[in-house]
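Here are a few notes to read alongside the model. Have it open as you go.

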Amino acid sequence: MNGKLEVRAAPHLLDPDSTAKIMYSVLLALIPSALAGVILFGVHALWLMLVSVAAACFTEAGCQLLLRQPVTITDGSAAITGLLLAFNLPPSFPLRYAAFGAFMAIVLGKQLFGGLGENPFNPALIGRVVLAAAFPQEMTTWQALGGVMADAATTATPLGLIKLGQVPALSELLLGNVLGCIGETSVVAILIGGIYLLWRKIIDWRIPVGMLGSVAVLSVLLGADPLVQLSTGGLMLGAFFMATDPVTSPVTKPGRWIFAIGAGAVVVLIRFFGGLPEGVSYSILLMNAVKPILNKATKPRIFGEVRGRA
Amino acid sequence: MLQGLFLILVSTVLVNNFVLSRFLGICPFIGVSERIETALSMGWATTLVMTVSAVVTWGLEQYVLIPFDLGFLQYVVYILVIATMVQTIETILAKTSPALHRTLGIFLPLITTNCAVLGLAILVAQKGYNVLEAAVFATGGGLGFTLALVLLAGIRERLEWADIPEAFKGKPIVLITAGLLSMAFLGFTGLVAQ
């Protein structure tokens, strides 16, 4: 077949993006946050990331071998799950628990539902809430074992400090010189990766804009500083890297707006009225659960279709 | 007063959701969550029965069971009231709104055996609510039940095409999904201090 006319069956792929290519772009976008995590919280943060990624890939390969399916760990999706889970862990979290979390993320969150593309919930967040339910003590102990934050005078996260009436400086929040989960504190690092993904059109701008926007508007209405609310906790990480997961967010544009604004509203509800200091993971999981309904409700009408005659 | 009622509503819908936090009413939760439309119908019917039976059982508790010291008959009386309420509502619906009656179909009589309805009536008695609080508590319980049912139905419609491992097809994956949904609702912990 060397002529100019090439006959092929549809679909005619014009776009060079494949699943693996998209996944590796996301991994690339996560590197700034990973570096920030290691600089801020020391070598243990690096170990947490490595253990979590390795456990996720190992579990994925194990599941696929047991199910006699082709092993697809080279597409990078399990690695992203592992890395995002590590980003959502406190800097001094025990390595063996992180491995357990990654195992649960892949098994409960992904493989039992049929693997990539079939999971109703974000696997990394499933791993996180399993760990939060199983090890509440370890998941709320904030202590840097090394790095820039090793001599921090406080052992509370910014959101914890705000509940005590102390507001940290905005510049510290942007750089990430505060206690928190490994990958969530440095707003600048997350923005570098997030803007890269927006520029590559891998994530839809509607989801971060809608989620951050609704948090900002609602915190103004509730009398809080919107910039502090935006740059604390896991909000930035969640809005750019977890709510935008193509599998667990709606496919339609109106659906994505509702999804994002709803997630932001639940974050504010939990932060301001809830018993937990932070609710980003729960808010995204809850909106993941609403996703199928949003997809169905905002499905575009087929041209010429008459309403009510299904 | 109004704020108290609102807190009861939020609490029963989100924080102490009857299905996802108290684990009551699991049989219809698993059984009638295959389609969003049927889940919605079941939810409305249950909300109606819960509200009416909570108010009636509240009246019986306050004016018959307590004054005559018949507390030991509570379960029997409640079950009887719920069954009667379901039957009455079904008869009224069949005569006044045949369309709605057809939509609800078999689900209406099935509500009799929904443990969430009995559990709700007993909780009302235990918490010592007044009649208005009881009605709001029951409506919230019904709405929370509807919410859980519809969310699970949405996910299950999607799971029909998923390549689920053989051993987990059918009910097992539904139970796992329900568990994950329940974990997501943990985020509302402490939302309303009660």
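How many aromatic pairs does a search of the whole structure find over all chains?

1. The search turns up 9 aromatic pairs, where rings of Phe, Tyr and Trp (its six-membered ring) pair if their centres lie within 6.5 Å, with planes under 30 degrees apart counted as stacked, over 60 as edge-to-face and the rest as tilted. Bear in mind that this is a predicted model, where local features need pLDDT of at least 70, side-chain atom pairs count only at pLDDT 80 or more, and totals for chains, interfaces and linings use all residues. Residues are numbered from 1 along each chain as its sequence is written, chains are lettered from A and ligands numbered from 1 in the order in which they are written, and side-chain values use heavy atoms, leaving out hydrogens and water.

2. Take Phe100(A) and Phe135(A): their ring centres are 6.2 Å apart with planes at 80°, so this pair is edge-to-face. Phe100(A) is partly exposed at 34% relative accessible area, while Phe135(A) is buried at 16% (buried means under 20%, exposed over 50%, partly exposed in between, with a 1.4 Å probe and protein chains only).

3. Phe100(A) and Phe135(A) also belong to one aromatic cluster with Phe93(A) and Tyr97(A). Over the face of Tyr97(A) lies Arg96(A), 4.8 Å from the ring centre (the cut-offs are NZ of Lys or CZ of Arg within 6 Å of the ring centre and within 35 degrees of the ring normal).

4. In chain B, look at Arg22(B), which lies over the face of Phe18(B) at 5.3 Å from the ring centre. Tyr129(B) is buried, at 10% relative accessibility, and so is Phe137(B), at 2%.
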